[in-house]
Amino acid sequence: MNKDQQMAAAILKHVGGKENVDNLTNCMTRVRIRAKDDTAVDKEALKNIDGVMGVVEDDTWQIVVGPGTVNVVTAEIQKLIGENHELSFEEKNARDAAARKERNKTPFKQFLRRLGNIFIPLIPGLVASGIIN
């Protein structure tokens, strides 16, 4: 096993195994993993993997491994979990939009939307009455 394969196996182990990986992508320097259960991810163990420069917890777990290495490590993780298919842009967009919509369903934001729906239609009338005056 070379260094990249060892890093991929360790990352997969500490994110809770292949059963816990919902989505796997990468950017220029980071392996991005959306976990099904965030409590199963061991952040400290991920930071201690040889070759990992940092871990960022956001909508996805972002494991910083550096440019060049990230493509090889992501490919190795995909081999380990058996995920050879990549979601299309439309599928990713629809999934992300649904997740964003779900996150924005807080009671306060819903209250503001209802308040806006009441007053926004009144704006043209207020503008027109101001012009007439």
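In which helix does Thr 74 lie? Thr 74 belongs to helix α3, where helices (H or I, at least four residues) and strands (E, at least two) are DSSP runs numbered from the N terminus. The model is predicted, so local features need pLDDT of at least 70 and side-chain atom pairs count only at pLDDT 80 or more, whereas totals for chains, interfaces and linings use all residues. Residues are numbered from 1 along each chain as its sequence is written, and side-chain values use heavy atoms, with hydrogens and water left out.

Thr 74 has a relative accessible area of 4% and is therefore buried (under 20%, with a 1.4 Å probe and protein chains only). Beyond its neighbours within four places in sequence, Thr 74 is in contact with Leu 24, Thr 25, Asn 26 and Val 31 (heavy atoms within 4.5 Å).

Leu 24 has Ile 33 in β2 as its bridge partner, and Val 31 is bridged to Ile 63 in β4. Strands β1 (residues 21-26) and β2 (residues 30-35) run antiparallel and are joined by five bridges; pairing requires at least two DSSP bridges. Three residues separate β1 from β2 in a hairpin. The pairing of β2 with β4 (residues 61-64) is also antiparallel, over four bridges.

Helix α3 (residues 69-81) also meets helix α1 (residues 3-14): Met 7, Ile 11 and Leu 12 are among the α1 residues at this contact, and Val 73, Ile 77 and Leu 80 are among those from α3. By class, the contact holds 10 nonpolar, two polar and two charged residues.

Technical notes:
Axes are lines fitted to C-alpha atoms, for helices over the stretch in contact, and angles run from 0 to 180 degrees between N-to-C directions. Ala, Val, Leu, Ile, Met, Phe, Trp, Tyr, Cys and Pro count as nonpolar, Asp, Glu, Lys and Arg as charged, and the others, Gly among them, as polar. Buried means under 20% relative accessible area, exposed over 50%, partly exposed in between (1.4 Å probe, protein chains only).
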